[in-house]
Each structure stands twice: as structure tokens, then as C-alpha cells.
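Good morning. Please look at the screen.

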Amino acid sequence: MSECAQLRIGREFLASISWPSSFRRKDHDRCYCHRCYPADLADTLTVAGYTYVIPRGWTRFAVAVDESFFNHHNVWDTWLNCYHGTSIDSAKSCVEHRQMLLPDDMTMHGKKIGIRENHIPEERFVFTTPSISYAALDYYAYTHSFRSPYDLKLYSIKVVLQCKQKADSIIVQPETVGARAQGRRLCPHIPNEELEWKTKHRSSVMIYGLLLEIKQNHASDDSNSPQYQKLNISVPPASNVVAPEPSTSEEITNTIPKSEPLPLPSSYREPMSKTRIALLVVLIISTFLPMAALIIGQIYKSECPIQPWIPRWMTVFGSVGLSASCLMFVILFINFKWHPEEEIGKYVSGCILCLLLFFFLAWLIAGSVWIFSVKPKVQFVQTNVTTYCQETLYKFAFGLTLAQYSLIGILICCGGIVALFGCLC
Ligand SMILES: [Zn+2]
């Protein structure tokens, strides 16, 4: 079976934010999408006497754990499974610190951990939950927009950390988003009264996975979070919420959680690598030709008395062509590196490309007039005669115009074939 798209997109997302590869355990990645985790499998598991909800629809990118710690404390068998909704930056910080910090702690960079805005200021705990629905609420889990460099589609990605937690370290308390007052149940498996866990024991929470919920964003407007729609939540007043923004987590190296099914084999290939190489080759070729035209046009700029516009045509073609190639490099860089979330970026680059296309067509027609009109009279020997044109200059210009017409012909044919297939299919 081919690899699930969620795994691919998640890896692209992690690559885009430079997720620390030293802490990855790719062989323990696991997808819980409807394809990878069928409907007939369990919705919950009981771990160390507590119910834990399977993260259906999410994909785990495993985090390496400290094996000696896990073995010494028998973490996989005796600690509880829980979630912590957060942002990707905070998740990364947790993993890099290898522990969740409490409010007022200092990070390794000397930054004091604060309490997230709109969260109860005196609650200095690390908050977790056994319910993926609760961890995924927008109060806790951020929704990030991400454009895949592989298929160029826009995705909404939510972030939750998957953790093990020492059973006697937790204080169980009700949800704090106002659902009880509104008579709504937040999780089908765990009652509202037991949704939130809190602890002051830093080393009692160990991260072993980053969960991503990846959804294609058709409207490119994620203000209507599916989680919100599903739970019909209105924004509540400030309340205790899961951990502070730049919390940190730990995790520890390796070992498969015994309560979990075995991970799927991963057959990951670097996203977009072939396409990138093809685009780079095209760009290099389209940079080489204008550069040659510019150089030849400049070297022989006064060596074509029969039509002085031929070297000028070459120089302008070369300059604009090189500028266009630079622009293409910039656009490709932005698309692949920054994944702009605004469609406007596409339109701007589309408009610039259209303008360039029209310019090159007009310039080709002008060049054709200058180059072809002197073809019957041009000679390359007698330099002091008005019918002279430097041979390399003229032949290069002549070949360049023919190459452009050939390219236009090929593009029209390809377009026609595609349109024909479109009609037939
Ligand atoms: Zn899947």
C-alpha cells in the first residue's frame, strides 16, 4: 500500500519549520486517518486504569524518548497517555528542551515562560488531557496554514503533543472552556468533569509524539475551524487552559509504546525533489541563452552596419531574459521555502509572467523584422561595406528567433493535444 498523503504532507510541514531531525523517530510514525486506522478498530484504550481516546484523523510524527528513563520508570506500561494542544513553535521548543516548563521557569535561551493570553493567570501548571477532542480545541491547539510544495495545495494543520504522564502526578479537573454551563459534552468518551489534568511536576510528562491534524483548506479561510463546527463552541470567557505558550516538553528516546499498534513502515521520499530539479534545469537553460545573447550583443554591438538594431535586440533580449530568470528564482524560492498562504502571491507572479510573455512576443516580432529583412543582402566578409554583419552575431540572432518560434509551436501543439484529450475524455 502506498504511503498515506497525511504522512507526506506532515513531513513537508515539519521540513518547512526546520523541525529538529535529531529528535525524530521516523520508524514510529503512525497515521490514524480513516484509511490507516479503519472504523472497526477501537476508539479508546485503557492505559494504567485510565481511558485514553485514540487520535482518529491525526497523524503522529514520533519523537525520540530517553530509553533509560522510560525503562527505569516503566513509563510505557504504568504512565498514562495524554495530549497537550499547542502551536508548532511551542511544540518545537518543548521537544528541544526535552521537558515541559512551568510558568515562570526560564528557557535555555533565558526567556521567562509566561501564561498564554486569555488563560487564568494564577494557574501555574502544565495542563494535559486524555481527550484528543479537548486538546484540539482552538483555545489550545493552533491552526497553521501550510502550502504543500509537492501538490501546491493549501492545508490547515493543527498541533497536539502526545505524551506519557505519571499517574500519581495529576490533578483531574473539569473542562474550563464553559461547555458545562452550556450543557454541551466535549468528548464522546470522557465526561466533561474529567477532561483536564494538571501537574506541577515537570518531569512527570514525557513527549513521545507530535500529532498533526491535516485538512485540505478549500476555501483558504480557516476561521471556521472544523473542530469548532463539530463541537459548536462559542468563544468562552477566559478560563484555565492547557499549558502556557512556550512550554517545553521532554521526551525520551525510543521504544514503541506497548499500548499502541505497531507503526507502519515508512517509505518517504523528499518532497518535490524531482520537480525542483526539473525546474532548476529549465531555469539554468533559460538563464544561459539570455546570458549568451547579452554577451554577444555587447561584444559585437557596433559590428552590424546592415541593421544596427540586431545587436541592440540581442542586448535587450539578454537583459530582460536574465531579469525574468532571476524573478522566477525568487518566485520559486518563495513558493518552496515560505509557502505563502495568500493567494495574492500567485496572482502577482502570474501578472508579472503575463507581462513578460507579451514583451517577449512583441520583441520577437520586432527582432524578426530586423533579422529576416536583411537576410538576402547580409554578408560576413567585407567589414567596411554597409551590408556587413558580424557572422556570429547574425547567426546567433537568427537561430535565437527560430528557437523561439519552435518553442511557441511546441507549446501550441501541446496545448492542442491536452485540449483534444480533455474533449475526448
Ligand atoms: Zn493515513
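Phe 360 has a relative accessibility of 19% in this predicted model. The cut-off for buried is under 20%, so Phe 360 counts as buried. Phe 317 is buried too, with a relative accessible area of 9%.

How are the rings of Phe 317 and Phe 360 arranged? Their centres are 5.7 Å apart and their planes meet at 70°. Angles over 60 degrees count as edge-to-face, so that is the label for this pair. In the chain, Phe 317 belongs to helix α8, residues 309-338, while Phe 360 belongs to helix α9, residues 344-373. The two residues are 43 residues apart, and the pair links distant parts of the chain.

Phe 317 and Phe 360 also belong to a cluster linked by ring pairs. Elsewhere, Lys 200 lies over the face of Phe 125, at 4.2 Å from the ring centre.

Now the total. With ring centres required to lie within 6.5 Å, the count comes to 20 aromatic pairs. One of them is formed by Tyr 139 and Tyr 140, with centres 6.1 Å apart and planes at 70°, so this pair is edge-to-face. Are these two residues buried or exposed? Tyr 139 is buried, at 14% relative accessible area. Tyr 140 is buried as well, at 0%.

Definitions and conventions. Residues numbered from 1 in each chain as written. Predicted model: local features only at pLDDT ≥ 70, side-chain atom pairs only at ≥ 80, totals over all residues. Heavy atoms only, no water. Phe/Tyr/Trp six-rings, centres within 6.5 Å; stacked < 30°, edge-to-face > 60°. Buried < 20%, exposed > 50% of the residue type's maximum accessible area, 1.4 Å probe, protein only. Helix = DSSP H or I, 4+ residues; strand = E, 2+ residues; numbered from the N terminus. Lys NZ or Arg CZ within 6 Å of the ring centre and 35° of its normal.
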